Amino acid sequence: MKIWVDADACPGVIKEILFRAAERTQTELTLVANHLVRVPGSKYIRSIQVASGFDVADDEIVQRSEEGDLVITGDIPLAAEVIEKGCTVLNTRGEKLTAENIKARLNMRDFMDTMRASGIESGGPSALSQSDRQEFANQLDSWLAKSKRS
């Protein structure tokens, strides 16, 4: 079981939680981005820099991830693709994206794209709160515990 991170937009505080967890549990962690991502020296943690371009990092994660892996992303289309492969998906707020809720998320994303295209300002997501960080850490720990039992 491996952890894949869509690292282009992953907050630093979430990366730090992931670094500590990967080292503590000796779980392979790979950050994928179209820019250089610095990672601590560890045999469990690495980064992959892909070419710039639309969805290049996402495509790399889809290609490399396998059933049972964990993918960390806020990208709804990427989440949908890896869920189909049998991966678990967490966003950076600790929300688990599943086959049961991903279609609704895709629909909302498309709706918001349409709203923005018509000139309606929707604002962005709120800043990551302490409770968001705690929920992410709790969900990560839950996945790690479950994957180590398997």
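Which element gives the most to the lining of the second largest pocket? Helix α5 does, with five residues. The model is predicted: local features need pLDDT of at least 70, side-chain atom pairs count only at pLDDT 80 or more, and totals for chains, interfaces and linings use all residues. Residues are numbered from 1 along each chain as its sequence is written, and side-chain values use heavy atoms, with hydrogens and water left out.

The second largest pocket has a volume of about 160 Å³. A pocket is an open set of points on a 1 Å grid over the protein atoms alone, where a 1.4 Å probe fits, with protein on both sides within 12 Å along at least five of seven lines. Lining residues have an atom within 4 Å of a point. Points are joined across faces, edges and corners, and the volume is the space filled by probe spheres set on them. Eleven residues line this pocket; Thr88, Lys96, Ser142, Trp143 and Lys146 are the closest to its centre. Both β5 (88-90) and α5 supply at least two lining residues. Helices (H or I, at least four residues) and strands (E, at least two) are DSSP runs, numbered from the N terminus. The lining comprises three nonpolar, six polar and two charged residues. Here Ala, Val, Leu, Ile, Met, Phe, Trp, Tyr, Cys and Pro count as nonpolar, Asp, Glu, Lys and Arg as charged, and the others, Gly among them, as polar.

Helix α5 spans residues 130-149 and includes Ala145. Ala145 is partly exposed, at 36% relative accessible area; buried means under 20%, exposed over 50%, and partly exposed in between (1.4 Å probe, protein chains only). Ala145 lies 16 Å from Phe19, C-alpha to C-alpha, across 126 residues of sequence.

The largest nonpolar core holds 25 residues, of which Ile3, Val5, Leu18, Leu29 and Leu140 touch the most other members. Such a core is a set of buried Ala, Val, Leu, Ile, Met, Phe, Trp, Tyr and Cys residues joined through side-chain atoms within 4.5 Å. β1 (2-6), α1 (12-25), β2 (28-33), β4 and α5 each supply at least two members. α1 provides the largest share, six residues. A second, separate core of 18 residues includes Ile76, Leu78, Ala80 and Val82.

Ser65 sits in the loop between α2 (56-64) and β4 (70-72). Ser65 is buried, with a relative accessible area of 2%. Beyond residues up to four places away in sequence, Ser65 touches Trp4, Val71, Val82, Lys85 and Cys87, contact meaning heavy atoms within 4.5 Å.
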